[in-house]
Amino acid sequence: MNLYTINCGHFKLDGGAMFGVVPKSIWNGLNPADENNMCSWATRSLLIETGNRLILVDCGMGDKQSEKFFGYYYLHGDDSLDKSLAQYGFHRDDITDVFLTHLHFDHCGGAIKKEGDQLVPAFKNAIYWSNEAHWSWAIHPNPREKASFLKENILPIQESGQLQLVTGKKEAAHALATAPFLEQLDIRFASGHTEAMMLPQVQYKGKTIVFMADLLPSPGHIPLPYVMAYDTRPLITMSEKAAFLQEALEKEYILFFEHDPQQECCTLQQTERGIRPDQFFKLSAL
C-alpha cells in the first residue's frame with residue numbers, strides 16, 4: 001500500500017463559523033483572519049494505492065460552479081487535484097474509487113464536471129462510495145445544510161450508475177461505529193457534523209492513520225469546545241471527539257487533516273489542559 005497527499009486548493013470561510021462559540025480573541029491565534037473575518041483553509045484529499053485499486057478520499061470543490069458562487073469562498077493558491085495527481089504520475093482516469101466522507105460541496109464538488117451542458121462524473125472509471133443514511137440525508141436536505149448539499153454535485157453520481165453504498169455495521173448517531181471496507185481500511189462513522197459521515201482508517205507501515213474529514217477539520221479543533229457552527233449536532237460532535245481522541249491517544253493513531261492550511265498530520269499527547277497535538281509532520285515523512 002502507498003498513501004499520497006492530494007492538495008486540491010485553498011478557500012476561505014468565516015472564522016467564527018469555523019470555531020463556533022470560541023471567541024475570536026482565542027481562535028485568531030490558531031488561524032488568523034483577514035479584514036473580512038475570513039480564514040484560509042485547505043481542501044486536502046488522500047490517495048490510497050492498494051493492490052489494483054486507486055482510492056481517492058474526497059475531491060475538493062471542483063470548478064463547475066459559477067463565478068458568483070466561488071466569489072463567496074475566495075479560492076486561492078496554485079494547487080489543484082489534477083496537478084497533485086500528476087506529481088505522483090497519476091491521472092484522474094486512473095482512479096478506481098472515489099470515497100466521499102460526506103456530500104458537502106467542499107468535499108464532493110470535484111466529483112462531477114461539466115461537459116458542455118451536461119453534468120458527468122469527473123472520474124469516469126471510478127465507483128463513487130457513500131452510505132445509505134448519509135445519501136438519504138443529503139438528497140432530502142434540512143434547511144440548515146441545504147446550501148452545502150448541492151444537487152448538481154450529488155444527483156449526477158446516482159444517474160451515472162457509478163454510485164455504490166457502503167454496507168456493514170449500522171451507522172450510530174452517538175458512537176463512532178466502524179465497518180470494514182477493504183483489507184487494511186476500515187470506516188468510522190460520526191454523526192455530529194452531519195448524518196453518518198465516514199472517516200477512513202488505514203493501516204499503513206505499522207501505523208493507524210485516520211482521515212479526520214470534518215470531525216476534526218484542523219488541529220485547532222482538538223480541544224472539545226472547539227466545534228464548528230456548521231455542525232448539526234454540536235453536543236454529539238463533542239461526545240464523538242472525546243471518545244475518538246481518547247482512543248487515538250491510547251492507540252497512538254496518526255490524524256490526517258483535510259482542512260488545515262499548514263499541517264497535514266499529527267500525533268497526540270496528554271497535557272494538563274487535556275489531549276492536545278504532539279508532533280506535526282507531512283504524510284510523506286512516514
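1. α6 goes past α7 in a left-handed crossing, that is, the near helix is turned anticlockwise from the far one by less than a right angle. Keep in mind that this is a predicted model, where local features need pLDDT of at least 70, side-chain atom pairs count only at pLDDT 80 or more, and totals for chains, interfaces and linings use all residues. Residues are numbered from 1 along each chain as its sequence is written, and side-chain values use heavy atoms, with hydrogens and water left out.

2. On the geometry: the axes of α6 (residues 132-139) and α7 (residues 151-159) cross at roughly 125° and come within 10 Å. Axes here are lines fitted to C-alpha atoms over the stretch in contact, with angles from 0 to 180 degrees between N-to-C directions. Helices are DSSP runs of H or I, at least four residues, numbered from the N terminus.

3. Who touches whom? From α6 it is Trp135, Ala138 and Ile139, and from α7 it is Ile154, Leu155, Ile157 and Gln158, with contact meaning heavy atoms within 4.5 Å. By class, that makes 6 nonpolar, 1 polar and no charged residues.

4. Now the cysteines. With a disulfide taken as a pair of cysteine sulfur atoms within 2.5 Å, the count is 0. For cysteine 39, the nearest cysteine sulfur belongs to cysteine 266, 19 Å away. Cysteine 39 is also buried, at 0% relative accessibility (buried is under 20% relative accessible area, with a 1.4 Å probe and protein chains only).

5. Cysteine 266 is buried, at 0% relative accessibility.

Notes
Buried means under 20% relative accessible area, exposed over 50%, partly exposed in between (1.4 Å probe, protein chains only). Helices (H or I, at least four residues) and strands (E, at least two) are DSSP runs, numbered from the N terminus. Ala, Val, Leu, Ile, Met, Phe, Trp, Tyr, Cys and Pro count as nonpolar, Asp, Glu, Lys and Arg as charged, and the others, Gly among them, as polar.
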